[in-house]
Every structure is written in structure tokens, then in C-alpha cells.
Amino acid sequence: MAPKPTLSTSLQPPPGPSAKLVLPSQDTSSNPNPTIFNDAMIIRKSVFIDEQHCTADSEIDSDDARSWHWVLYDNSTTTSTPVGVIRLVPPPQAPHAHLTQPLATSAQGAPEYDWMHEPCIKLTRVAIVPSFRGLGLGRRLVETALGWAAVHASEIDEAAAQIGARGESPVTPIPWRGLVLVHAQVDVEGMYAGLGFETDQSLGRWDEEGIEHVGI
């Protein structure tokens, strides 16, 4: 039986709006990404682009600069190797119709963010490299992010307020009270159910990059 890996988790705070975030390449000598974020992108590129064939152009989005990122490392050898990642996006979130009716919302000039409903954090970009799957590491990352959020509500509120200060918000942002949203691939819906999440049937099912998703 192979020995259990020695694992650790590192947190990358929001890189900020001035950060120049790029997909990592083989040559990292001129890569402007923060180190932990770059490790996160190495995993995301491997899983979402190379393995699942999602488009490279959409992998880094407007949420990356304002989000918290956790990377799980395997320390079993002399070099720490990134093996898992999760991203926590603070409020506000885009209206759900941006996903289910993208052409209609674009034509109607729909707002970028939803300020009308209770604010929620969103867990996204959860990925584990193939050789480390089946060890419960996705669950570990979700629990890590939720545990952090539970004691850092003020930082989450401040992140939302920064968006509102740019004139995005018609009202004073409502404080975050613990609501969590996940747009999950249907293949991992069961993992979230095991963590106590419930699928929100009202959000329906939709396609992202050719992969069916549900709202949890």
C-alpha cells in the first residue's frame, strides 16, 4: 500500500484589480502571477483546459483578481507539488440569467452584478489532479474555504463594498450572513450533498463549456 501523502494548504489573498494575471506557460521566468496563484493556475490549466477541454480564453476571468484562492500541496518529496485548488468569490455575484440566457441578458444590457438578493459567497474552480483523486481532497478544500469564511465575514463584506464603491451598487451592500453558492459539475453533485449542501432545483441545469452544471 502506498503511503499517505503529506499535504499542506496555502492561501492566496485577492491579487487585486491591478494584478496582471496570465495562464502559466513552460517558461515562468517572466510570469507576473503571485506564486500561489500561479500554482493554482497550473492545476486549473491541467484539469479544465487540458483534461476537460474548456477554452483557455475564459479560464482567467474578472473574479480571479477579487477572490481568495487555496492551493493544496503534496510535500511527500523535497519539492512541494500543487495537487488541488479552490476559489472563493465574494459578493456580489452575477445574475443567474447571465449563465442560462447569455444572449438575452447581453441584448437587454443586464447589470453585471445582482444586488437585489441576499449576498452569497461562491465556491468555484475546484480541481484535483488525477493522481490525487479519490482521497477526499475536494471535500477538504471546500471545508477549508468555508472554515475561513466563517471567521472572516468582515473581509468578505469589505470585498463587496469595494465593488459597490465603483458605482456598481444602487444601494448599500447587505452584509454577508453565511449563504454559499456553488455552480457544480453534475459529476461532483454528490460530494456537495455529502457536505450538507442541497441542490437548488429552481436554478435548473445549464451548460458551461460543454459540461452540465447545477446550482447548489
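**Entry 1**

I began with V85, which stands opposite A127 in β4. The model is predicted, so I noted that local features need pLDDT of at least 70, that side-chain atom pairs count only at pLDDT 80 or more, and that totals for chains, interfaces and linings use all residues. Residues are numbered from 1 along each chain as its sequence is written, and side-chain values use heavy atoms, with hydrogens and water left out.

Helices (H or I, at least four residues) and strands (E, at least two) are taken as DSSP runs, numbered from the N terminus. Two strands pair if DSSP finds at least two bridges between them.

I then looked up the link between β3 (residues 81-89) and β4 (residues 121-128): the two run antiparallel and are joined by five bridges. Here G84 has I128 of β4 as its bridge partner. Towards β5 (residues 180-185), β4 runs parallel, with three bridges; K122 stands opposite L181 in β5.

I asked why β4 is largely enclosed by the rest of the structure. The reason is that six of its eight residues are buried (buried means under 20% relative accessible area, exposed over 50%, partly exposed in between, with a 1.4 Å probe and protein chains only).

**Entry 2: the whole sheet**

I traced an open sheet of seven strands with mixed pairing, in the order β1-β2-β3-β4-β5-β7-β6. At its edges lie β1 (7-12) and β6 (205-208), each of which pairs on one side only.

**Entry 3: backbone details**

I recorded a positive phi near 50° for R125, a residue other than glycine, and placed R125 in strand β4. H53, also not a glycine, has a positive phi of about 65°. I found H53 in the loop between α1 (35-51) and β2 (68-74), where H53 is exposed, with a relative accessible area of 63%. The peptide bond from P91 to P92 is cis, with omega near 0°; P92 belongs to the loop between β3 and α2 (97-100).

**Entry 4: the cavity**

I searched the whole structure and noted one cavity of 30 Å³ or more. A cavity is a set of points, on a 1 Å grid over the protein atoms alone, where a 1.4 Å probe fits but cannot get out; lining residues have an atom within 4 Å of a point. The largest cavity has a volume of about 70 Å³, a volume being the space filled by probe spheres set on the points, which are joined across faces, edges and corners. Its lining includes P91, P92, W115 and H117.

Conventions. On a 1 Å grid over the protein atoms alone, a cavity is a set of points where a 1.4 Å probe fits but cannot get out, and a pocket is an open set with protein on both sides within 12 Å along at least five of seven lines; lining residues have an atom within 4 Å of a point.
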